Amino acid sequence: MATTERLTSGGVGDAVLRKEDRKFVTGEGRYVDDLKLPGMLHAAFVRSSFGHAKINSIDASAALAMPGVHAVLTNATLPVETGVLSASNPGGDVRHPEQAILAKEFARYVGEPVAMVIADDRYLARDAADAVQVDYDPVPVVVDAEKALEPGAPLVHAEYDSNLVKTLAHVTDGFADALAKAPKKISLRVVNQRVTPMPMETRGCIGDWSNSTGEVTLYTSTQVAHFVRTFVSIVCGTSEAKVRVVTPDVGGGFGAKLNTYREEFAVCAASKVVGRPVKWIEDRTENAVATIHGRDQVQYYEAGVDENGKILALKFDAVQNNGAYNQLLTPSISHLTLFMVPGCYDIQDVSITIRQVFTNTTPTDAYRGAGRPEATHGIERLMDAIADDLGIDAAEVRRRNFIKADQFPYASATGLSYDSGDYHATLEVALELSKYAGFEARRAEAAKRGKYRGIGLSTYVEVCGLAPSAVTAALGIGAPGWEHSTVRLHPTGKATVITGTSPHGQGHATSWSQITQTELGIPFDDVEVIHGDTAFQPYGLGTYGSRSLAVGGIALYRSLGKVREKARELAAHLLECSIDDLEWTGTSWQVKGSPDRAKTIQELAYAGWTSASLPEGIEPVLEATTFHDPPNFTFPFGTHVCEVEIDQATGRVEVVNYTAVDDCGNVINPMIVDGQVHGGIIQGLGQALFEETVYSEDGHMLTPTLVEYLVPSAADVPPMTLHRTTTPSPSNPMGVKGIGEAGTIAASSAIVNAAVDALSVIGVRHLEMPMQPARIWNVMQEAKS
Amino acid sequence: MGQTITVTVNGTAHTAEVEQRTLLVHFLRETLNLTGTHIGCDTSTCGCCTVHLDGETVLSCSLLAVQADGRAVRTVEGLEQNGELHPIQRAFYENHGLQCGFCTPGMMMSALGVIEQHPDASDDEIREALEGNLCRCTGYQNIVAAVRSAADEMARS
């Protein structure tokens with residue numbers, strides 16, 4: 001029976017402590033920078049210091065003269081076949097300019113790699129990179145996406161007639177009528193600012209090319225080892241079968257490592273040149289410019305509503321800043337925004353236009369939530385704006401617009417089929433737990449202490465379990481969405497689980513062992529989970545988009561079922577009975593009602609291996625493989641309630657109370673789920689309160705370190721109260737949905753709504769993020785004057 | 001320019017020649033192969049490289065190896081004794097105080113410094129004391145719980 005007491009082993013539903021942890025708490029984790037290969041050299045990159053510049057010449061003579069420098073490579077000398085590839089092609093008419101591995105002719109953002117130095121050690125490589133002289137002619141720069149669309153704006157890519165990448169558009173037939181008939185129109189502009197994922201481990205990789213065999217091994221800190229392998233083979237011009245990508249322990253990803261980057265190709269190509277392994281470890285200042293950013297979307301909402309606050313039609317126009325190039329999935333991210341524009345509300349008439357734009361900035365791509373936090377933040381601000389305008393309580397306006405529990409499966413106006421939900425239930429539980437009804441007394445009490453206190457709601461639904469391959473194909477993405485698993489029983493009855501998911505903190509070794517114990521009766525401690533090495537596994541799609549459990553976990557579940565059924569045929573043969581005479585006890589197949597006539601799964605694993613006597617048509621060994629393509633996405637949901645206090649003198653916003661009620665369907669490990677929610681909420685809090693990636697008008701990065709770019713510390717975050725409701729997904733046999741991104745998707749709007757509520761007493765009706773003290777102080781001064 | 005230094009790390013004296021500009025963290029990681037101490041930033045902001053120098057909590061990315069000459073360093077590898085996890089290690093495991101694990105060694109070394117100097121620290125004081133150690137995964141709630149639990153256990157023993 002499931003329990004919330006923490007256990008050292010267990011099955012589905014148990015709060016099992018993580019089997020991953022011992023190596024991490026003893027310092028025996030092996031991240032990419034911990035690896036040393038014989039003869040290994042070190043790379044450093046020369047990066048553009050201009051937002052946009054023509055490269056006239058590169059003089060590497062001083063660098064090459066330094067003892068211990070082996071090579072300085074440029075676009076002209078790096079042996080690659082092509083530039084960075086994107087898998088993302090929504091609609092087929094996306095502009096995909098060439099993104100050379102090392103810049104060719106022009107550098108288009110600060111930090112773009114221009115040359116690569118290979119040297120004996122990393123100190124020398126850095127010194128030599130600084131000695132490379134690049135002659136640039138700066139050209140006009142544009143960093144703001146809306147300005148980049150104006151006539152006459154500097155062109156990021158001169159081969160196009162504008163900076164437009166692609167326009168996503170979706171209008172329902174009844175939209176124009178519905179908007180025209182709405183008695184009231186409410187408009188809102190929302191800026192979802194650019195942020196940086198900032199995993200604590202930066203990126204890093206080691207390329208090891210064998211010139212004798214043509215084989216290349218790439219060790220890289222990634223969420224998508226197989227994508228990287230496919231693209232390395234194409235970019236570097238070698239057989240995919242000769243490329244091995246190894247993912248060591250990965251120190252956080254959050255989407256930053258759901259990509260294939262120039263440096264990953266460059267270390268392979270450089271290793272080919274120097275004939276020795278080449279390691280590159282990104283430093284934090286590089287990370288701020290060389291690793292993808294997230295968000296950067298400006299949104300314009302217009303809602304047609306009736307007198308009760310019910311939305312009759314919703315218009316959404318947005319501009320998405322793609323940065324200077326398209327990375328792996330850049331053009332697809334705002335498609336996820338498009339999907340989720342209506343949120344958890346029953347809005348059947350929409351008009352959605354998202355214009356994606358090139359600018360002279362680091363490319364944006366998937367950052368935790370990836371397009372969905374943008375949609376949720378905007379509509380949750382809009383719901384409060386409607387409530388404010390019509391004088392309706394913020395919870396009540398949501399109740400009136402929610403999709404109701406009896407409407408599932410729900411066909412959304414954007415073409416999705418929401419699988420299951422009970423939005424009213426999470427709202428009511430959250431209101432109760434957060435003591436929403438008694439809030440005004442707390443506001444009054446805080447005022448006596450010189451604080452503006454406010455309360456804010458976020459009711460969200462997200463689309464997870466990326467993705468049904470038919471949908472990725474329909475979007476023009478040149479990659480599928482299925483996941484792989486193999487379950488292998490050894491002669492001794494132990495199990496190896498090979499998964500295509502690629503955990504980097506999510507605890508899959510633990511959760512997958514729990515599923516294996518429950519479904520196959522192999523004890524938790526007898527299960528080993530292998531991931532992230534293309535030499536050991538069929539193709540895997542990796543970990544992102546809250547997909548690991550809902551897609552990879554189901555692939556595992558199905559392989560376990562196949563092994564169990566094969567074991568049943570073997571048991572029937574050995575027990576000389578029909579398979580219909582057998583029942584599964586959880587750990588063995590036994591003749592119904594006869595516990596003395598049974599074979600444990602371990603006995604059957606041995607019998608399957610020895611193959612002394614197999615039933616006709618059954619191959620030796622208990623092993624099974626599944627490629628699971630999900631029939632639908634999953635749709636986790638919930639309600640978060642936040643209370644903030646704002647210092648009337650300084651403008652500092654402090655989150656003083658945070659309640660989250662989430663529904664991610666059935667739960668494998670409640671401890672891990674809670675941990676995902678905690679972390680997700682605090683990333684949303686970071687965006688709401690502190691984080692913003694800032695460029696100057698001329699393209700310089702003004703937040704290049706953790707001194708300027710503020711991520712939350714332990715002192716900045718509140719204790720959180722978590723609760724769950726359980727609405728299983730009907731889309732998969734375990735009823736699971738996914739939880740990796742929920743906290744981030746929900747949190748920012750709950751916090752901003754609370755801050756707006758706090759300042760409503762002085763007439764403030766909207767706030768942009770991040771709500772740093774200076775911004776809030778200025779808003780307060782304006783409101784008072 | 002090389003310089004010979006002797007540093008006692010986790011009770012063992014190590015003598016090596018290092019460049020004068022070599023950071024202590026690189027000496028630990030590259031020369032001694034003690035890779036449990038991590039590097040997360042360039043600006044003494046993240047705390048991933050936290051170790052103890054003569055019992056004091058320091059950032060090993062902001063000290064030169066030559067500054068540790070003749071002194072004693074304690075790293076995450078020195079916590080476990082005879083196969084038994086240190087209470088701070090056990091507490092992080094038992095409280096799910098880590099996810100990706102990258103900040104964890106530095107976080108534990110800072111936490112240990114807090115506990116040793118302020119055994120009665122409140123949760124708020126623990127949060128303030130850990131301000132220089134960033135974690136991007138956990139939201140800190142379980143880290144604070146882990147430090148509280150380790151402090152209580154160490155106070156009992």
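1. Are α10(A) and α19(A) roughly parallel or oblique to each other? This is a predicted model, so please read every value below as computed from it. Helix α10 (residues 372-390) of chain A packs against helix α19 (residues 742-759) of chain A at an angle of about 30°, and their axes are 8 Å apart. Angles under 35 degrees count as roughly parallel, and α10(A) and α19(A) are therefore roughly parallel to each other. Their crossing is right-handed.

2. Next, the residues behind that packing. On the α10(A) side, A:Arg372, A:Pro373, A:Thr376, A:His377, A:Glu380, A:Arg381 and A:Asp384 take part. They meet residues of α19(A) that include A:Thr744, A:Ile745, A:Ser749, A:Asn753 and A:Val756. Sorted by class, the contact of α10(A) with α19(A) has five nonpolar, six polar and four charged residues.

3. Helix α19(A) has another partner to look at. Helix α18 (residues 670-689) of chain A and α19(A) have axes that come within 7 Å and cross at roughly 40°. α18(A) and α19(A) are therefore oblique to each other. This crossing, too, is right-handed.

4. Which residues of α18(A) meet α19(A)? Among them are A:Gln676, A:Val677, A:Gly679, A:Gly680, A:Ile681 and A:Leu685. Their counterparts in α19(A) include A:Ala742, A:Gly743, A:Ala747 and A:Ile751. The class count for the contact of α18(A) with α19(A) is 10 nonpolar, nine polar and no charged residues.

5. Now to the interface between the chains, where 44 residues of chain A are in contact with 44 residues of chain B. The elements giving two or more residues to the chain A side are α1 (21-25), α8 (284-290) and α18. Of these, α18(A) provides the largest share, six residues. The chain A side divides into 21 nonpolar, 13 polar and 10 charged residues.

6. How is chain B divided? Its domain assignment gives domain 1 (2-78) and domain 2 (87-156). The C-alpha centres of these domains lie 22 Å apart, and 13 residues of domain 1 are in contact with 12 residues of domain 2. On the domain 1 side, strand β3 (residues 50-53) of chain B gives the largest share, three residues. That side has five nonpolar, eight polar and no charged residues.

7. A:Ser334 is buried, because 28 other C-beta atoms lie within 10 Å. Not counting residues up to four places away in sequence, A:Ser334 touches A:Leu168, A:Gln297, A:Gln320, A:Ile354, A:Gln356 and A:Gly371. A:Ala375 is 41 residues from A:Ser334 in sequence, with 9.1 Å between their C-alpha atoms.

8. Is A:Thr220 buried or exposed? A:Thr220 has 29 C-beta neighbours inside 10 Å and therefore counts as buried. It lies in strand β12 (residues 216-220) of chain A. Leaving aside neighbours within four places in sequence, the contacts of A:Thr220 are A:Val32, A:Cys205, A:Val228, A:Val245, A:Thr247 and A:Glu264. A:Gly207 and A:Thr220 are 13 residues apart in sequence and 8.5 Å apart in space, C-alpha to C-alpha.

Methods
Residues numbered from 1 in each chain as written. Chains lettered and ligands numbered in written order. Predicted model: local features only at pLDDT ≥ 70, side-chain atom pairs only at ≥ 80, totals over all residues. Helix = DSSP H or I, 4+ residues; strand = E, 2+ residues; numbered from the N terminus. Buried ≥ 20, exposed ≤ 12 C-beta atoms within 10 Å, placed from the backbone. Contact = placed C-beta atoms within 7 Å. Axes fitted to C-alpha atoms, helices over the stretch in contact; angles between N-to-C directions. Parallel < 35°, antiparallel > 145°, perpendicular 65-115°, else oblique. Left-handed = near helix turned anticlockwise from the far one by under 90°. Nonpolar A, V, L, I, M, F, W, Y, C, P; charged D, E, K, R; others polar. Domains from an automatic or database assignment.
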